[in-house]
Amino acid sequence: MFRKFILLFVAAIAINACSSSEEMSPIITDSFDRSALLENIADNIMIPAYEDFSVEMSALKSQGEVFTTTPNQMNLEALRVSWFAAYKSWQYIEMFDIGKAEDLQFKFYMNIYPVTVSDIEGNIASESYDLNSVNNQDAQGFPALDYLLYGLADTDAAILDKYVTAENKESYKNYIGAVLEQMNTLTTTVVSDFKAQRNSFVISIENTATSNINKLINDYIYYYEKGLRANKFGIPSGVFSDTPLPEKVEGRYNSTVSKELALTAVMAVQNLFEGKHYKASTTGVSLKSYLIKLDRTDIATSTTSQFNIATAQIETLADSFATQIDTDNIAMTKAYDELQIAVRLLKLDMLQAFNISVDYQDADGD
Amino acid sequence: MLMKILKYNLKEQTNAAPLAIFRLFFGLMMFASIVRFWANGWIEKLYLVPEFHFSYLGFSWIKPIGNYTYLLFIICGVSALFVAIGYKYRIAIGIFFLSFLYIELMDKTTYLNHYYFISIVTFLLLFLPANAYFSVDAFLRKKQYQQVPKWTIDSLKLMLFIIYLSAGFVKLNSDWLFRAMPLKIWLPSKYDLPIIGENLMQQNWFHFAMSWSGMLYDLTIPFLLLYKRTRFVAFLFVVFFHVFTRVLFPIGMFPFIMIVSALIFFDATLHNKMIDFLRKYVLKSKRVLLSTPNFYFSKVKRKVVLAIFSVFFIVQILFPWRSLCYPGELFWTEEGYRFSWRVMLMEKAGSTNFKIVNLATGRSFSVNNTDFLTAFQEKQMSYQPDFILEYAHFLGDHFTKQGHKNVGVFADSYVALNGRLSTRFVDEKVDLYQQKASFSHKKWILPFQSEIKIKGI
């Protein structure tokens with residue numbers, strides 16, 4: 001027995017020696033400032049993107065008024081341009097499912113696609129509809145405008161007829177007005193609320209399921225996996241179904257914008273990862289610099305290069321994903337596969353490095 | 001030491017109070033655990049919401065039973081209370097054992113070492129005369145036993161010995177000792193703890209100190225508890241260690257159960273004081289029961305129980321090491337990882353998606369895991385091979401039933417272990433639907449490829 005104690009004693013001294021020699025080396029503190037990360041995201045990415053989107057959104061609304069007052073080819077085209085500008089700007093903010101955006105289900109009212117045409121036409125025919133209803137989420141937002149501006153008929157002249165000569169032309173015009181009003185109101189609410197909450201947003205950095213930093217990161221990854229990877233690429237290219245479903249691409253009625261929208265979305269995701277300021281080349285504190293701080297440069301560089309690879313693959317696709325899927329779906333699924341690799345890096349490697357509390361994990365561990 | 005064991009006297013009697021106190025606290029803790037489980041909404045979340053359940057091999061017939069699952073928890077909780085007060089003890093502990101076991105076997109997603117600990121301690125309690133002293137049973141039969149065979153109490157100590165020592169030995173590996181993994185990942189993420197969060201938790205030396213002291217704690221604490229001169233200090237260590245881990249990690253009731261269990265090592269003076277205290281201030285009873293000095297098993301019963309215990313302990317000692325029978329890296333394949341006191345030993349996560357292939361035409365589509373699994377189940381499935389296989393079979397059956405022909409199931413699976421970059425986990429060319437579930441080595445798990453190998457036990 002005595003021997004055991006001697007052994008223990010020696011071991012204890014050995015450990016003590018080890019740890020005190022460690023103390024001689026410079027103390028590594030986790031000086032990573034998580035508030036600085038949130039500040040960079042809020043001040044240099046989210047708020048500028050929100051503000052930009054607000055501007056685009058109210059411009060879109062005004063163009064809508066111009067068009068519904070005077071529906072002609074010129075105003076239709078102006079409205080379409082405005083629609084696309086706002087839709088592109090939207091790609092920067094869909095990932096922020098936080099605060100009022102989460103409460104109001106902002107993204108579900110703005111960008112559920114494909115739309116249900118029968119719902120839209122039913123609403124227009126009945127003239128009584130509640131766009132706040134969950135059932136109408138697939139009958140409004142950018143995809144509904146896509147249908148109303150491009151999908152009502154085969155030619156522009158025939159589309160314009162719906163607003164100029166058709167018996168229920170007023171109903172069509174009213175519906176555009178209602179959809180734009182809804183989008184603009186939601187946007188104003190979400191943006192002004194976030195700006196008001198900014199100061200409390202940046203200090204919520206605990207490692208809990210409900211802190212802003214964890215929610216932001218979880219939502220970011222969820223958006224990348226679902227909103228971007230699956231919705232824009234996986235579902236239309238038939239990754240989850242027996243056959244490809246080209247009718248499910250984003251912006252299907254316009255049919256030439258799906259690639260540009262997707263590229264914008266990937267860039268927005270990459271910019272957030274790298275802390276790049278909105279529409280600028282400056283970078284700030286980011287998820288990437290957090291990884292580097294944790295001595296995981298391997299994950300940091302792999303992720304950046306994977307985003308670049310995915311972007312390069314998407315660049316090779318046709319402007320219209322529907323066309324791409326019909327002609328060469330392999331290139332499309334290749335893009336999906338490259339995006340999938342980044343899911344793994346973010347969701348598996350990055351989250352493991354951060355050891356972030358996730359919301360479903362409230363059961364005991366051992 | 002060896003001589004002492006050889007000379008072990010099975011006829012020796014000892015004071016029954018430690019066993020009574022153990023029974024009381026164990027029952028109360030179990031009751032509290034069940035109440036807490038229910039109050040947290042976990043019955044619904046873990047057992048009723050999922051439409052698919054992961055089963056232990058051979059136990060797929062044990063499933064949650066709809067809303068009757070609540071009844072099962074009521075039965076389990078009430079029997080725990082009966083155990084605590086020692087009323088109809090033998091029936092109560094039997095019912096508790098069966099209901100608890102049933103709950104644990106319903107879905108292995110929720111496997112925790114401490115649930116396993118509870119199951120095996122309950123198994124021992126099935127045979128022990130834990131109601132001999134200070135129990136309602138004793139009160140009703142107007143007779144309580146002062147002394148019980150010493151080996152009954154020692155069997156609980158032996159179980160704790162096996163657990164602590166096994167938990168200590170499995171920490172003797174290079175990841176734990178020389179990379180301070182997984183504490184190096186876990187501790188810094190506790191930056192939001194008051195006072196120590198932003199400094200101590202972030203120190204490299206602290207991660208190593210915690211790893212090494214955790215290992216030494218497990219290997220020495222049973223000895224320190226056993227010897228009288230070190231016992232009190234050892235108990236303080238036990239309290240500190242478990243409270244500290246409770247602060248750091250989401251481990252529920254387990255630390256408290258372990259603290260209370262460690263009381264079994266103290267001699268009866270302490271337990272008798274506790275019982276006196278309870279009599280005086282809680283029960284406020286002055287009735288003195290007629291005490292019979294000694295409880296004995298009948299000769300046959302004693303022989304049977306001792307035989308069962310011998311086999312049980314041999315199995316308990318050997319079972320944690322069954323992993324040695326499998327090739328490959330244990331942390332990677334997890335063949336023999338569960339039921340072996342490998343507690344909070346690694347940080348592992350996976351991303352596993354499945355492709356359903358028509359083997360005749362080669363056409364395929366991917367499965368959205370959230371269509372079938374809860375987020376928690378998906379997380380567990382993604383890095384544990386037996387889960388992956390079981391789920392692959394479920395998917396194969398599901399899509400065959402839906403009318404798909406020539407179904408093959410292939411996994412696109414990546415796993416990250418203890419801070420290594422994720423690598424491919426399952427051979428993507430193997431049709432998992434054709435692989436049988438068994439205890440033999442799963443050849444479709446790709447070998448552990450990281451250059452940072454894991455050496456040790």
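Reader: Which residue stands opposite B:T14 in β2(B)?

Author: Strands of a sheet pair through backbone hydrogen bonds, either parallel or antiparallel. In this predicted model, B:T14 faces B:V148 in β2(B). β1(B) and β2 (residues 144–149) of chain B pair in the antiparallel sense over three bridges. Strands are DSSP runs of E, at least two residues, and helices are runs of H or I, at least four, numbered from the N terminus. Two strands pair if DSSP finds at least two bridges between them.

Reader: In which order do the three strands of chain B form the open sheet?

Author: The order is β1-β2-β3, with mixed pairing. β1 (13–15) and β3 (291–294) of chain B stand at the edges with a single partner strand each, so one side of each lacks a neighbour in the sheet.

Reader: How is a pair of aromatic rings described?

Author: By the distance of the centres and the angle of the planes. Rings of Phe, Tyr and Trp (its six-membered ring) pair if their centres lie within 6.5 Å; planes under 30 degrees apart are stacked, over 60 edge-to-face, the rest tilted. The structure holds 68 aromatic pairs over all chains. One of them, B:F54 with B:F387, is tilted: 4.8 Å centre to centre, 40° between the planes. B:F54 lies in the loop between α3 (42–48) and α4 (68–85) of chain B, B:F387 in helix α18 (residues 385–401), 333 residues apart.

Reader: Are B:F54 and B:F387 buried or exposed?

Author: Both are buried. Buried means under 20% relative accessible area, exposed over 50%, partly exposed in between (1.4 Å probe, protein chains only).

Terms used: Residues are numbered from 1 along each chain as its sequence is written. Chains are lettered from A and ligands numbered from 1 in the order in which they are written. This is a predicted model: local features need pLDDT of at least 70, side-chain atom pairs count only at pLDDT 80 or more; totals for chains, interfaces and linings use all residues. Side-chain values use heavy atoms; hydrogens and water are left out.
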